[in-house]
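Student: I have a new structure open and I'd like to learn how to read it. Could you walk me through it?

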Amino acid sequence: LLNVLIVVSSRILVTFSTPASWDCIATSGTYLRLLDCNLSGQVKLTDSLNITGRATNWTTLGAAPQRRLFVSSTHQLTLSQLRLTGGNETEGGAVFLANGAILWAFACEFVQNTARLNGGSIYALSSTVRLTDTIIIKNQANEGGGVFVSQKQTLTMVGGQLQGNFAADKGGGVVCKGADCIFRGVSIEHNVAKIKGGGVWFGL
């Protein structure tokens, strides 16, 4: 952390702490990332990880070839003002969550990620996903072109867009398999599934 000390008066001192810049490798901590970067491999969380990008023209994080960007088992991943793109994996093209992990994404974009099986951008197994003012666009998978959530957990999406995602089987936008999925003020348009559930598919 970069500590900035400001003298307000002869009696009052105010200290501000600015998070360090994320090096696109660190697996835990709180960071800023103002420059775009391409990851050299997937980032596997060892504890909670919080990354904030640029307030305008969000910071782009590109995946390594044939890899996702983040994987978390039990830990919380918090992303703000970031664009995650180029992920390609068996499950969870951009983010893979398991064993009670939590993803909070605020004002982010998941674009052009691919999963060969489930969850073009996000795959959550027994994990919680909370998306606020976030865009899920042009991702693809066999099931859950945008997001795949399963096993009695919750996807909450408030604001944002779920658009232009594709599933070869079901759930062009989202698959909710034995999970609770809540959408408030979300634009859900132009998602395609070849079998069923173009926008959102609910099942057990």
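Tutor: Strands here are DSSP runs (E, at least two residues) and helices are runs of H or I, at least four residues, all numbered from the N terminus. Before going on, know that this is a predicted model: local features need pLDDT of at least 70, side-chain atom pairs count only at pLDDT 80 or more, and totals for chains, interfaces and linings use all residues. Residues are numbered from 1 along each chain as its sequence is written, and side-chain values use heavy atoms, with hydrogens and water left out.

Student: Is Asn99 buried or exposed?

Tutor: Buried means under 20% relative accessible area, exposed over 50%, and partly exposed in between (1.4 Å probe, protein chains only). Asn99 has 53% relative accessibility, so it counts as exposed. Its phi is near 60°, a positive value in a residue other than glycine.

Student: What about phi of Asn57?

Tutor: Asn57 has a positive phi too, about 50°, and is not a glycine. You'll find Asn57 in the loop between β7 (49-52) and β8 (59-62), and it counts as exposed because its relative accessibility is 57%.

Student: Where does Lys170 lie, and is it buried or exposed?

Tutor: Look in the loop between β24 (166-167) and β25 (174-177). Lys170 has a relative accessible area of 13%, so it is buried.

Student: What does the side chain of Lys170 make a polar contact with?

Tutor: A polar contact is a pair of N or O atoms within 3.5 Å; within protein, one must be able to donate a hydrogen and the other to accept it, and residues adjacent in sequence count only if both atoms are side-chain atoms. Here the partner is the side chain of Glu143, at 3.0 Å. For plain contacts, the rule is heavy atoms within 4.5 Å. Leaving out residues up to four places away in sequence, Lys170 touches several residues, including Asn142, Gly144, Val175 and Trp201.

Student: Now the whole chain: how many helices and strands are there?

Tutor: The protein chain has zero helices and 29 strands. Of its 204 residues, 48% count as buried. Among contacts between residues at least 6 apart in sequence, 69% join residues at least 24 apart.

Student: What does the C-alpha trace span?

Tutor: Along its principal axes, the trace spans about 70 × 35 × 30 Å.
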